[in-house]
Amino acid sequence: MSLRAAGGSSGRRRPTLERARRGRCSGRGGGRWDAMEYDEKLARFRQAHLNPFNKQLGPRQHEQGAGEEALDVASEEAPPQLRPGEPEFRCTERVMDLGLSEDHFSRPVGLFLASDLQQLRQAIEECKQVILELPEHSEKQKDAVVRLIHLRLKLQELKDPSDEEPNIRVLLEHRFYKEKSKSVKQACDKCNTIIWGLIQTWYTCTGCYYRCHSKCLNLISKPCVRSKVSHQAEYELNICPETGLDSQDYRCAECRAPISLRGVPSEARQCDYTGQYYCSHCHWNDLAIIPARVVHNWDFEPRKVSRCSMRYLALMVSRPVLRLREINPLLFNYVEELVEIRLRQDILLMKPYFITCKEAMEARLLLQLQDRQHFVENDEMYSVQDLLDAHTGRLGCSLTETHTLFAKHIKLDCERCQAKGFVCELCREGDVLFPFDSHTSVCTDCSAVFHRDCYYDNSTTCPKCARLTLRKQSLFQDPAPDVDA
């Protein structure tokens with residue numbers, strides 16, 4: 001017997017059994033239906049719709065189960081078929097048919113929103129229950145299985161082993177500390193994915209600031225860059241010394257993954273500092289200033305470098321390892337910004353005054369250059385940060401202020417430092433002279449200070465050097481008293 005029935009005045013379909021039940025309750029046509037036949041058909045209908053896992057169905061039940069899909073797919077234009085002699089029931093009100101096998105108020109299969117581990121575990125259990133309730137080999141059951149796999153992978157990835165992981169891990173000279181911050185969003189330097197600090201454990205190297213997941217620690221193959229800076233603090237001063245992919249066996253210079261310029265199997269990215277090629281996991285197209293381009297071309301344009309080179313250059317940027325006068329002595333003749341750096345020579349001449357002055361030591365005047373302590377040690381070494389600040393003009397302004405502060409203490413504020421000044425012995429006129437004054441000249445042998453014009457106009461030797469020579473001669477010529485006795 002067909003389960004279809006004629007639609008009402010609204011043109012919508014209604015199951016035959018439902019219509020028959022309504023007709024029976026209303027007293028219309030109830031004589032044509034036997035109560036036992038109605039109950040039997042209703043039981044078969046519910047068994048076919050509500051127990052899809054029951055495989056022991058008779059021929060009529062299989063036909064009935066197949067008729068369910070036909071009932072859902074049938075179009076509204078299809079004319080309803082009535083049993084011969086069966087009365088047609090029509091209703092003026094519009095009835096919405098949701099179907100007996102469909103729950104429109106439940107959430108879709110696989111739609112699980114888990115914000116923490118407890119909810120994620122609960123979603124996995126619910127997904128298992130849904131899989132058991134869905135028909136076997138159906139599309140919905142397959143989608144639920146795929147969803148269950150994703151949920152389990154998510155649980156494995158987001159599981160927080162904070163109680164098991166140690167606070168300190170030492171690996172390949174890296175000294176990793178477990179991070180306490182949960183709100184910071186970072187990227188893992190190993191797997192190049194996001195670190196969800198709220199639910200994941202992650203570590204940071206205190207030396208090179210290498211960040212990675214806890215699960216990625218054992219996969220690290222590159223030693224800490226800080227160790228290289230400590231043992232071998234020098235730059236590559238050749239501009240992009242490329243050797244070719246064949247010298248690398250067409251593999252990444254860091255992780256040894258296969259690479260090529262065509263992007264198959266992975267894109268080869270060149271580091272402008274080392275000239276080597278890296279894969280996309282080891283080269284993120286970070287930009288950095290190349291020291292070789294600065295000292296040779298005075299070029300400060302950032303170039304693309306690998307992650308390892310970026311960390312090395314970041315750690316080396318403030319280290320004074322460049323002997324600029326040896327590498328490129330002509331640079332001082334063509335770059336105007338480097339002329340102002342010569343003030344550091346005057347600061348070196350002021351240093352002896354400060355280390356013997358009690359007031360200067362208490363005021364810690366030399367700490368004005370604590371960010372550039374090499375300025376009070378020598379005038380030859382430069383860092384990349386010094387050259388960058390000279391290029392932008394910040395270093396010139398800073399040195400001018402420091403020079404003015406030091407000179408004010410020596411020449412005006414401190415009487416002890418004023419007493420250590422010089423009088424020009426060639427003209428014996430003018431104010432007290434100091435070796436860092438711009439209009440003076442210093443004898444290279446005895447460090448006496450003279451007016452520049454007096455020193456170069458006088459053809460004789462330095463008066464102080466002459467006195468010292470006579471004193472030495474007199475000491476060797478006069479015999480000692482014990483020798484005469």
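This is a predicted model: local features need pLDDT of at least 70, side-chain atom pairs count only at pLDDT 80 or more; totals for chains, interfaces and linings use all residues.
Colleague: Which cavity do Arg325, Phe332, Arg344 and Tyr382 line?

Modeller: The second largest cavity. Its lining also includes Leu338, Ile341, Arg342, Gln345 and Asp379.

Colleague: What volume does that second largest cavity have?

Modeller: About 30 Å³. Its lining residues divide into four nonpolar, one polar and four charged.

Colleague: And how many cavities of 30 Å³ or more are there?

Modeller: Two. The largest cavity has a volume of about 50 Å³.

Colleague: What lines the largest one?

Modeller: His174, Cys208, Tyr210, Lys222, Pro223, Val225, Glu254, Cys308 and Arg311. That lining divides into five nonpolar residues, one polar and three charged.

Colleague: Switching to aromatics. How many aromatic pairs does the structure hold?

Modeller: Eight. One of them is Tyr273 with Tyr312, a tilted pair at 6.4 Å centre to centre with 35° between the planes.

Colleague: Where do Tyr273 and Tyr312 lie?

Modeller: Tyr273 is in the loop between strand S7 (269–270) and strand S8 (277–278), while Tyr312 is in helix H8 (residues 307–316), so the pair ties together parts that are 39 residues apart in sequence.

Colleague: Are those two buried or exposed?

Modeller: Both Tyr273 and Tyr312 are buried.

Colleague: And why is the pair of Tyr353 and Phe436 called edge-to-face?

Modeller: Because the planes of Tyr353 and Phe436 are at 80°, and planes over 60 degrees apart count as edge-to-face. The ring centres of Tyr353 and Phe436 are 6.3 Å apart.

Colleague: Which parts does that pair tie together?

Modeller: Tyr353 comes from helix H11 (residues 343–355) and Phe436 from the loop between helix H15 (415–418) and strand S13 (440–442), so parts 83 residues apart in sequence are tied together.

Colleague: Why do you count Tyr353 as buried?

Modeller: Because Tyr353 has a relative accessible area of 7%, and buried means under 20%. Phe436 counts as buried too, at 4% relative accessibility.

Colleague: Last one: which residues do ring pairs link into a cluster?

Modeller: Tyr353, Phe434 and Phe436.

Technical notes: Residues are numbered from 1 along each chain as its sequence is written. Side-chain values use heavy atoms; hydrogens and water are left out. Rings of Phe, Tyr and Trp (its six-membered ring) pair if their centres lie within 6.5 Å; planes under 30 degrees apart count as stacked, over 60 as edge-to-face and the rest as tilted. Helices (H or I, at least four residues) and strands (E, at least two) are DSSP runs, numbered from the N terminus. Buried means under 20% relative accessible area, exposed over 50%, partly exposed in between (1.4 Å probe, protein chains only). On a 1 Å grid over the protein atoms alone, a cavity is a set of points where a 1.4 Å probe fits but cannot get out, and a pocket is an open set with protein on both sides within 12 Å along at least five of seven lines; lining residues have an atom within 4 Å of a point. Grid points are joined across faces, edges and corners, and a volume is the space filled by probe spheres set on the points. Ala, Val, Leu, Ile, Met, Phe, Trp, Tyr, Cys and Pro count as nonpolar, Asp, Glu, Lys and Arg as charged, and the others, Gly among them, as polar.
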